[in-house]
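Subject: Structure handover

Hello,

Here is the structure you will be working with. Please look at it first, then read the notes below.

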Amino acid sequence: EPAVRLQHGASGLEPLAWSEDHRVSVSTARSIAVLEQLSDVHSGGQDMVIHRTAVPAPGATCMLKVGPKKEVAECKEKFASSVDPTVSQTFMLDRVFNPEGKSLTPMRGFKYSSWSPLGCDANGRCLLAALTMDNRLTIHANLNRLQWVQLVDLTELYGERLLEAGYKLCKADAPCGELGDFPEFQRRHSMQTPVRMEWSGICTTQQVKHNNECRDVGSVLLAVLFENGNIAVWQFQLPFLGKESITSCNTIESGISSPSVLSWWEYEHNNRKMSGLIVGSAYGPVKIIPVNLKAVKGYFTLRQPVVLWQEMDQLPVHSIKCIPLYHPYQKCSCSLVVAARGPYVFWCLLLISKAGLNVHNSHVTGLHALPIVSMTADKQNGTVYTCSSDGKVRQLIPIFTDVALKFEHQLIKLSEVFGSVRTHGIAVSPCGAYLAVITTEGMANGLHPVNKNYQVQFVTLKTFEEAAAQLLESSVQNLFRQVDLTDLVRWKILKDKHIPQFLQEALDKKIESCGSTYFWRFKLFLLRILYQSMQKAPSEVLWRPSHEDAKILISDSPGMGSTEDDQEEGTSKQASRQSLGDTGKGVDIDDAAEDSLHQSSDTGGREPMVEKLLEIQAQIEAVEMHLTREHMKRVLGEVYLHTWITENTSIPTRGVCDFLMSDDGYDDRTARVLIGHILKKMNKQTFPEHCSLCKEILPFTDRKQAVCSNGHIWLRCFLTYQSCQSLVYRRCLLHDSIARHPTPEDPEWIKRLLQGPCTFCDSPVF
């Protein structure tokens with residue numbers, strides 16, 4: 001729960017996609033609905049917490065650039081009025097030539113959407129590439145959480161490149177024909193009509209600076225498959241900010257007729273990475289095309305294309321997924337390529353040995369009675385999920401054999417969960433905890449429904465115990481990247497109102513043996529959810545406005561008198577309303593604890609619950625203080641490494657040192673040695689912060705805020721512990737902490753600190 005109702009019908013071939021930062025994109029007839037899953041530590045409800053935004057479809061129709069506007073208009077009029085029906089009818093019915101449609105239905109909505117890897121936009125999150133029905137390919141970013149911004153229109157840029165090149169891929173090509181010839185008119189459109197686009201993984205390139213030094217720069221590739229079989233590979237420098245971040249664009253000829261789908265093949269063998277593009281055809285063949293990655297560190301290229309399936313059996317390739325796995329018998333990494341072809345699943349196992357590239361392939365039959373409409377894969381364990389439109393989902397689990405592999409598959413009947421439904425798309429969450437499904441009403445008593453209501457529904461694929469074990473043994477060690485797993489844990493604690501004993505003991509062992517801050521953050525997460533489960537639910541809905549007439553208190557007004565009782569009553573009403581609103585917004589734990597304590601004491605007989613709440617609150621404060629001290633040590637380490645002489649780094653170094661040493665019970669040898677070296681380097685200088693309003697010194701007595709002697713309060717940045725003396729600052733996704741914006745005067749190492757996630761919940765900062 002809950003099921004999310006869509007405002008418009010789903011559109012496109014694969015309408016559902018789940019990003020690495022836990023956002024689900026749903027392609028519809030008017031927009032892309034984006035559902036972001038949050039593991040909210042401030043909410044006591046057991047339902048999934050979903051933040052909903054949308055990417056609207058462009059208002060103007062996209063017209064591909066095939067020549068000068070006047071000449072194109074004349075050619076269109078000529079072809080439309082041609083006496084040859086093979087020309088006039090082909091022209092009038094082809095929606096690539098006539099996206100506006102006139103008498104035909106308008107081409108509204110989205111054809112396909114694809115998420116980039118994590119760490120590509122300015123906030124370190126995923127970019128969204130969107131392809132509309134009228135063939136406009138754009139890239140969008142969600143920079144302020146409430147609004148999506150279009151960063152670049154790749155269809156327009158690619159059209160300008162083709163126009164400058166005379167619609168030739170290379171200078172050696174023969175000169176192109178006249179636009180007035182219908183075959184040439186078709187060729188110019190097909191060479192820039194996108195079919196699919198897919199992102200590569202993040203790779204590292206070397207950039208030469210002005211002093212001839214080389215520095216590593218992150219980059220990502222976007223491959224765009226066109227109708228004529230060509231593939232444009234765009235290279236973007238990270239973080240991607242717009243047109244200025246485009247590094248290059250190269251076009252590859254795949255040689256595949258009627259291409260239908262595209263996927264990246266990325267293989268790592270003995271620390272050597274290889275990459276290529278897997279292209280499928282509507283006629284059946286599947287092959288890997290070599291991609292030459294210039295100036296990319298550690299990548300090698302295939303010498304020639306690799307044919308995975310060559311039969312022209314007229315089974316169109318609908319979807320392709322490439323899953324990196326480890327072969328337990330061959331003791332090396334391998335790639336599993338799965339493709340949906342009609343009602344069958346084609347699979348191919350790629351393995352590099354001393355003899356070269358080994359290719360094993362076959363088909364899995366008997367899965368569905370109808371063609372597969374959607375396929376998704378859990379890349380952590382290789383499990384593949386397929387669905388047909390009759391509401392049946394198949395789970396395929398690969399099992400390795402001595403030679404290749406086999407699949408065990410089982411049927412998931414959605415009708416047993418949701419009733420009679422039709423399915424239009426599926427997507428699995430990054431850690432495999434949930435399956436998102438687009439459904440509409442199915443047949444009832446042999447009759448189709450009169451109206452279709454499109455919904456996105458969620459199915460749990462893991463138990464709480466499996467999710468907890470995966471979090472404890474995670475190699476990622478980042479709570480934000482495992483939100484689907486933490487959401488299952490959150491639901492279990494809110495339901496049972498206690499942390500299971502096995503999880504508590506296993507986590508304590510991990511903290512004692514490892515001491516990683518990840519396990520401390522996991523412990524903080526569990527304690528916060530436990531605290532929420534103990535809270536008393538508010539008696540009224542927090543968002544609903546109250547219809548009571550608030551008392552207006554006017555003091556020292558002639559003719560208007562009020563007794564002390566009236567004033568006290570009005571003040572208490574305002575205070576109670578304010579406390580209710582603050583608790584709903586998830587403010588500081590201290591305030592919420594006091595509110596719950598007052599509520600509990602009013603009812604009477606609930607002292608054990610109050611003591612339990614205070615005990616959990618004390619544990620939360622202790623864990624937060626430990627995480628704060630660990631981050632302070634990291635900040636001081638950066639200060640020590642990047643200051644050679646006594647200088648003002650703008651970070652309150654002396655205050656952080658004094659704060660760390662102020663607690664007599666805190667005895668950390670590493671911190672004492674580091675502070676001793678820093679104080680020696682500072683040479684008795686303090687470099688205090690000053691209030692920008694009154695120029696008084698801001699003492700460092702609290703990690704959350706700074707208060708000067710005149711009472712001016714400034715919030716502290718949790719990444720650098722500087723006071724945020726401006727009206728604009730950033731907050732983490734779960735509103736745990738605030739951080740300041742980087743300024744042009746900041747050195748590189750401070751800018752790197754400001755790019756970090758929240759130290760309490762691993763969330764990105766906006």
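Two strands count as paired if DSSP finds at least two bridges between them. Helices (H or I, at least four residues) and strands (E, at least two) are DSSP runs, numbered from the N terminus. In general, strands of a sheet pair through backbone hydrogen bonds, either parallel or antiparallel. For angles, axes are lines fitted to C-alpha atoms, for helices over the stretch in contact, and the values run from 0 to 180 degrees between N-to-C directions. Nine bridges pair β22 (residues 344-353) with β23 in the antiparallel sense. Cys348 has Asn361 in β23 as its bridge partner.

Before the rest, a note on the source: this is a predicted model, in which local features need pLDDT of at least 70 and side-chain atom pairs count only at pLDDT 80 or more, while totals for chains, interfaces and linings use all residues. Residues are numbered from 1 along each chain as its sequence is written, and side-chain values use heavy atoms, with hydrogens and water left out.

Another sheet

A further open sheet is formed by four strands in the order β2-β3-β4-β5, and the pairing is antiparallel. β2 (16-18) and β5 (49-56) are at the edges with a single partner strand each, so one side of each has no neighbour in the sheet. Neighbouring strands are turned against each other by 20 degrees on average, direction ignored. β2 and β3 (residues 23-27) run antiparallel and are joined by three bridges. Opposite Leu16 stands Val26 in β3. The loop between β2 and β3 holds His22. His22 is not a glycine, yet its phi is positive, near 65 degrees. A helix, α7, lies across β4 and β5 and runs at about 55 degrees to β4. Contact here means heavy atoms within 4.5 Å.

A cis peptide bond

The bond from Leu238 to Pro239 is cis, with omega near -5 degrees. Pro239 belongs to the loop between β13 (230-237) and β14 (246-253). For background, most residues other than glycine have a negative phi, and most peptide bonds are trans.

Cavities

Searching the whole structure gives three cavities of 30 Å³ or more. A cavity is a set of points, on a 1 Å grid over the protein atoms alone, where a 1.4 Å probe fits but cannot get out; lining residues have an atom within 4 Å of a point. Grid points are joined across faces, edges and corners, and the volume is the space filled by probe spheres set on the points.

The largest cavity holds about 160 Å³ of space. It is lined by 19 residues, and Ser39, Leu479, Leu734, Cys761 and Ser763 are the closest to its centre. β4 (31-38), α7 (483-496) and α9 (517-534) are the elements that give two or more residues to this lining. α9 gives the most, with four residues. By class, the lining has 11 nonpolar, four polar and four charged residues. Ala, Val, Leu, Ile, Met, Phe, Trp, Tyr, Cys and Pro count as nonpolar, Asp, Glu, Lys and Arg as charged, and the others, Gly among them, as polar.

The second largest cavity has a volume of about 130 Å³. Val639, Glu647, Thr649, Thr653 and Met682 are the closest to its centre among the 16 residues that line it. Two or more residues of the lining come from each of α12 (607-642), α13 (653-661) and α14 (669-682). α14 supplies the largest share, three residues. The lining divides into eight nonpolar, five polar and three charged residues.

A helix pair

α12 and α14 also pack against each other, at an angle of about 35 degrees and with their axes 10 Å apart. The residues in this contact are Lys633, Leu636, Gly637 and Tyr640 of α12 and Ala671, Leu674, Ile675, His677, Ile678 and Lys681 of α14. Of these, six are nonpolar, two polar and two charged.

Regards

Terms used:
1 Å grid on protein atoms, 1.4 Å probe; cavity = no way out; pocket = protein on both sides within 12 Å on 5 of 7 lines; lining within 4 Å.
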